Amino acid sequence: MVNMETSPGSKLPSPDSKKHKGKAGKERGSKFYCSTCNVHCPNETTLQQHNSGKKHTANVSNAQRRDKHAMSSVFVGNLPKLAQIRARLVEETGSCVEGKENDKLKSDLTAVFSSFGEIVKIIVDKKHGSYCIIEYKTPGMAQVALSEYQAGKSSALLR
C-alpha cells in the first residue's frame with residue numbers, strides 16, 4: 001500500500017526543520033510515503049527502490065498474512081472466567097491442576113464452534129480467559145459463525 005499524496009490539512013515542514021523529520025532525516029508528510037513500512041521518501045524513484053527492497057517485500061507479505069488471519073477469525077467475548085472454570089473442575093473432579101482450566105475452556109469452545117467449520121487455532125486470554133479468538137481454516141467458516149450468532153443461534157459475543 002502506497003500513498004502518493006499528503007494527508008488533508010497536513011503541511012510540509014521546512015527543509016531545515018529538525019523536529020518534523022523522521023528517521024535518517026526524511027521529511028514527514030512528504031508526497032512519497034509507504035504506509036506498510038511507515039517510510040517517507042524524498043522522491044518517486046526512492047519510493048520505487050524502497051518498494052522493490054527485501055524489507056518492504058517482507059512487510060507486505062506479513063501484512064497479507066495478518067489480513068488473512070483476521071478475515072478467518074472471530075472474537076468471542078463474555079466467556080466464563082478461568083476462576084469459574086477452575087471451581088467447576090474442582091467440583092467435578094475434586095481437584096484442579098494449574099493450567100487445566102485453560103484446556104477445559106478450549107475443549108468446550110472447540111465442541112461448540114467446530115460446528116461452523118474447521119478450527120485452526122484458539123487463542124484464549126491468558127490472564128482471565130474472558131475472551132478468545134477462534135481462527136477458522138477459511139474466511140467463509142468465520143462468516144458462518146458470525147451469521148449464526150447474528151441469527152441468534154449462539155449465546156457468546158462474537159465479532
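These are legends for a handful of close-up views of the predicted model shown above.

A few ground rules apply to every view. Numbering starts from 1 along each chain as its sequence is written, and side-chain values use heavy atoms, with hydrogens and water left out. Since this is a predicted model, local features need pLDDT of at least 70 and side-chain atom pairs count only at pLDDT 80 or more, while totals for chains, interfaces and linings use all residues.

**View 1. The whole chain, before zooming in.** The protein has 5 helices and 7 strands, taken as DSSP runs numbered from the N terminus (helices are H or I with at least four residues, strands are E with at least two). Going along the sequence, the order is β-β-β-α-α-β-α-α-β-β-α-β. Of the 159 residues, 28% are buried; here buried means under 20% relative accessible area, exposed means over 50%, and partly exposed is in between (1.4 Å probe, protein chains only). The protein exposes about 10,600 Å², and carbon and sulfur atoms supply 53% of that (Shrake-Rupley areas with a 1.4 Å probe; for residues, only the protein chains shown count as cover). Take the contacts (heavy atoms within 4.5 Å) with a separation of 6 or more: residues 24 or more positions apart account for 44% of them.

**View 2. Strand β6 and its two partners.** β6 pairs with β4 in the antiparallel sense over 4 bridges, and with β5, also antiparallel, over 5 bridges. Strands count as paired if DSSP finds at least two bridges between them. In β6, 4 of the 5 residues are buried, so the strand is largely enclosed by the rest of the structure. β4 is mostly covered too, with 4 of its 5 residues buried.

**View 3. The largest nonpolar core.** This core has 15 residues, and the members touching the most others are Val74, Val76, Leu109, Phe113, Cys132, Ile134 and Tyr136. A nonpolar core here is a set of buried Ala, Val, Leu, Ile, Met, Phe, Trp, Tyr and Cys residues joined through side-chain atoms within 4.5 Å. The elements giving two or more residues to the core are β4 (73-77), α4, β5, β6 and α5. Zoom in on Ile134: leaving aside neighbours within four places in sequence, its contacts are Ser72, Ser73, Val74, Val76, Phe113, Ile119, Lys121 and Ile122.

**View 4. Tyr131, in the loop between β5 and β6.** Tyr131 sits in that loop and is partly exposed, at a relative accessible area of 34%. Not counting residues up to four places away in sequence, Tyr131 touches Phe75, Val76, Gly77, Leu79, Ile123, Val124 and Asp125. Leu79 is 52 residues away in sequence, yet the C-alpha to C-alpha distance is 5.7 Å.

View 5. A second, separate core of 5 residues includes Cys34, Cys37, Cys41 and Leu47. How many disulfides does the structure hold? The count is 0, with a disulfide taken as a pair of cysteine sulfur atoms within 2.5 Å. For Cys37, the closest cysteine sulfur is in Cys34 at 3.8 Å, too far for a bond. For Cys41, the closest cysteine sulfur is again in Cys34, this time at 7.4 Å and too far for a bond. Cys37 is buried at 17% relative accessibility, and Cys41 is buried at 3%. His50 belongs to helix α1 (residues 44-51) and is buried, with 17% relative accessibility. Beyond its neighbours within four places in sequence, His50 contacts Cys34, Cys37, Val39, Cys41 and His56.

View 6. The structure holds 1 salt bridge, meaning a side-chain nitrogen of Lys or Arg within 4 Å of a carboxyl oxygen of Asp or Glu. Glu118 and Lys137 form the pair, with their closest N and O atoms 3.8 Å apart. Glu118 lies in the loop between α4 (100-113) and β5 (119-124), and Lys137 in the loop between β6 (132-136) and α5 (139-150), so the pair ties together parts 19 residues apart in sequence. Glu118 is partly exposed at 46% relative accessibility, and Lys137 is partly exposed at 48%.
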